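Colleague: I would like to learn how to read a model like this one. Could you walk me through it, feature by feature?

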Amino acid sequence: MQFFLAEGARLGLGLIGVISLVAVNALFLIWMERKVSAHIQLRPGPMEVGFHGALQTIADALKLIGKELITPEDVDKLIYLLAPIVMFLPVLVSFLVIPFSPTLLIRDLNVGVLLIFAFSTLTVLAILMAGWASNNKYSLLGAIRSVAQNVAYEIPLLLTAMSIILMAGSFQPSVIVSQQAKVWNIFVQPLAFLLFIICGTAETNRAPFDIPEAESELVAGFHTEYSGMRFAIFFLAEYTNMFIVSAVATIFFLGGWHGPFLPPVVWFLLKVYALIFLMMWFRWTFPRLRFDQLITFAWKILIPLALLNLIVTAFVLKLVR
Amino acid sequence: MPAHTVIETVAAIVGPEKAVPVDYAATGCHVRVEAQPEQMPALAQAMLAQKFFLESLTALDLMESFEVVYHFASYFELCRTVVHVPLPVGVEVPTISAIYPGADWFEREVFEMFGIIFSGHPNLKNLILPDDADFHPLLKDFVASS
Amino acid sequence: MMLEKGLEERTFYLNLGPQHPSTHGVLRIVLEMDGEFIVTADPVIGYGHRAHEKMAELRTYQQYLPNMGRVDYLHALAYNQCYCMAVEKLAGITVPERAEFIRVITSELNRISSHLLWFGAYLLDLGAFTPFLYCFDDREQILDLLDRLTGSRLTYCFYRFGGVPVDIDDDFIAGCRAFSQRLRSRWDDYDNLVTKNVIFIHRTRDVGILPPEMALQYGVTGPTLRGSGIPYDIRKSEPFSVYPLFDFEIPIGERGDVMDRYLVRLQEMEQSLRIIEQALDKLPNGPIMAEKVPKRLKPPEGEVYTAVETARGEFGIYLVSKGDVKPYRVKLRVPCFSNLSVLPELIKDTMVADAVAILGSIDLVIPEIDR
């Protein structure tokens, strides 16, 4: 009885913490994205609301909440309304197993990594639902592209993850992190890190892999017909996905919470935001790939490389042990 | 391509006195041709064979009749050729869009602006005006509302 | 059940525009699509039709001048120049040399600003946001210069029949020189940021190839044509104004693909800088306005065709006068009209992303097509 009470309290607190983290993180990341892009582009970015525009996102969020929710005629209502929810919920679940520090984690599951990958795959379903239900050709094209892209990039992503899991011998995130106390995996597996970042950027549909919402081609892709808070939820999910991908990369390659002087959780967040900054840097520097080039890149370059990496890892491990 | 070779080739189609050199400094053209509507496809073919491109195609409303005006120029040598085709009201001009695909849009524009019909045009409908516009704005008796 | 019957394969229609981020104006292209591939394309134009040609018949020669800045608002000065040349030819007005120099300098500045805007907007089409703002930063310098001289930043109406109304001063000359130095120092940035980018090369190499024969049949002109390797530039082929006095090259491409058109435009900016610098060096003294240009212009009966090279290609005016104070007929031969008519051929059997890349590479100003 006492066990269930304690676990229940832990889960409840965790969920509250996660939801507030998601909100604060999105607010911060949107502001950061605008500032980073602005400074890359020789302009100051938002400056009016708050110190250097720090409260701009809150103002924007208030505006979005105040907006009328337009449901276009001829949409598939049920699926149309469900899509933002399906997009957002799995994202929350992934936070349950992310170890922010040795003590600050909600559930230390021994299949944590699997859980994150399994749930993050659900976003593609949400995109497909949104694109299909919108009854708009641009949305549909965006959804089709998104599915093809996610299927293609999921494979090398999981293959590179496998080589790390092979090394750690566990699916448990905290175990993977604690094994990197001395040497971070990025120094052992540089190729895997590179592949993981590329695939992670593609998985979150960020530029240069943002073809599902390629603005100059598909207007806004799968969320063309979404307005107000429903659009905001897609937006929120995108930024939260960025956080999760970066967090997983931090766990796998950058030694998680390990680092001198500062408290573990600070180190963890620092690394995560550094990776997010990298992804923003990509977005504001590169042009967009073409759809077929994107798919070719995944199947002909990334997957063979990831496979090779996995085989070499397995081989070396066999020799060492 | 000097003007005289163009004149020679064109004269074979329209007759010797109909193709004449003109003063470039005053008109911006080197050769002036006067052709009959039915000679246009052959003339366009001859111009294309000499590697001329269709610079412009327009019409003039001369109140009692029309005049369709073609400008040809070459990428390689300076020799602008202007072809005037006098056209009584109600007479059609054979299209040259099969020879110069670029003429397709020009002819559609002349059609909607002047009501001149290009016979044999594959897609003679309004280009710039709305599909249901049944007026021809560049006719002299069309009164602009301002 | 579906599988038993077999899925029916069919194409669908996609409206690219009239409201679309990459048509840069109100152009609509009806695409027949087979999945991501384009089967046929049919541009629908006319949304921005303002009846410029009809207006010409209703106004006096002077009153029509401001219209010329509004046909192609990105290279307005070339249109000014072409119309002035046509009327001057018809009325027999000789323009003083200093005025011609000023026209060339300002028109070339305007050409650079047009190319810079194209460069930024084109990269935007390809999904790169940042170069856009870099270009606008550079373009701003030109706008400031021309703003001081002409009083407007976009729809210039600066030239008059017989010359220019305002002389350039030392500040303007210094500003031009400073600008050309600044822009030259940017080429490396642009090269490193864009031209050498692997993704950019993949998106543009061997995409949208325009064979020279097809260009001839459609009457394509401008950088779009020169990308296909034909060095047809009115400034050299049919010299007007004082262009023969300057030493400059006509950049051409080899393959005629999107990349070549891009490179041609980049190199043209450098050539324009050369022209401007030479013109500043050789700038003669003298009047800037022809003497005795009548207030009430009544050119004799006749017709004239003049052409200039704008940033987008050959702009021609066919002007017919019947000896009245108003033109009898003004035909505006706009480059984008012919350049756009070749688009359906270029984007057939490509993907949407390529279609956007090709559409952008033609550098269309839609209101110019609609007139």
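This is a predicted model: local features need pLDDT of at least 70, side-chain atom pairs count only at pLDDT 80 or more; totals for chains, interfaces and linings use all residues.

Colleague: Which strand pairs with E2(B) in the parallel sense?

Modeller: That is strand E5 (residues 81-88) of chain B, through four bridges. One pair to look up is B:Glu34 with its bridge partner in E5(B), B:His84.

Colleague: Which residues of E2(B) make up its covered face, and which its uncovered one?

Modeller: In strand E2 (residues 31-34) of chain B, B:Val31 and B:Val33 form the covered face, while B:Arg32 and B:Glu34 form the uncovered one.

Colleague: What about the nonpolar core? Which residues have the most contacts inside the largest one?

Modeller: They are B:Val68, B:Ile116 and C:Cys82, in a core of 244 residues. Domain 1 (1-66) and domain 2 (71-320) of chain A each give this core at least three residues.

Colleague: You mentioned the two domains of chain A. How far apart do their C-alpha centres lie?

Modeller: The centres of domain 1 and domain 2 of chain A are 19 Å apart. Their contact involves 17 residues of domain 1 and 16 residues of domain 2. On the domain 1 side, helix H1 (2-40) and helix H2 (56-66) of chain A each supply at least two residues, and H1(A) has the largest share with 13 residues. By class, that side holds 11 nonpolar, four polar and two charged residues.

Colleague: Now the chain interfaces. How many residues of chain B are in contact with chain C?

Modeller: The size of an interface is often given as the accessible area lost when the parts come together. Here we can count residues: 28 of chain B are in contact with 30 of chain C. Strand E3 (52-61) of chain B is one of the elements giving two or more residues to the chain B side, and E3(B) has the largest share, six residues. The classes on that side are 18 nonpolar, six polar and four charged.

Colleague: And which elements of chain A give two or more residues to the side that touches chain C?

Modeller: Between these chains, 22 residues of chain A are in contact with 27 of chain C. The elements are helix H10 (215-218) and helix H13 (291-320) of chain A. That side has 11 nonpolar, four polar and seven charged residues.

Colleague: Lastly, where in chain C is confidence lowest?

Modeller: Helix H1 (residues 2-5) of chain C is lowest, with a mean of 53, and helix H12 (residues 258-282) of chain C is highest, at 90. Chain C averages a pLDDT of 86, and 98% of its residues score at least 70. The model as a whole scores ipTM 0.86 and pTM 0.85.

Methods. Residues are numbered from 1 along each chain as its sequence is written. Chains are lettered from A and ligands numbered from 1 in the order in which they are written. Domain bounds come from an automatic or database domain assignment. Two residues are in contact if their C-beta atoms, placed from the backbone, lie within 7 Å. Ala, Val, Leu, Ile, Met, Phe, Trp, Tyr, Cys and Pro count as nonpolar, Asp, Glu, Lys and Arg as charged, and the others, Gly among them, as polar. pLDDT is the predictor's confidence in each residue, from 0 to 100. A nonpolar core is a set of buried Ala, Val, Leu, Ile, Met, Phe, Trp, Tyr and Cys residues joined through C-beta atoms within 7 Å. A residue is buried if 20 or more other C-beta atoms lie within 10 Å of its own, exposed if 12 or fewer, and partly exposed in between; C-beta atoms are placed from the backbone. Two strands pair if DSSP finds at least two bridges between them.
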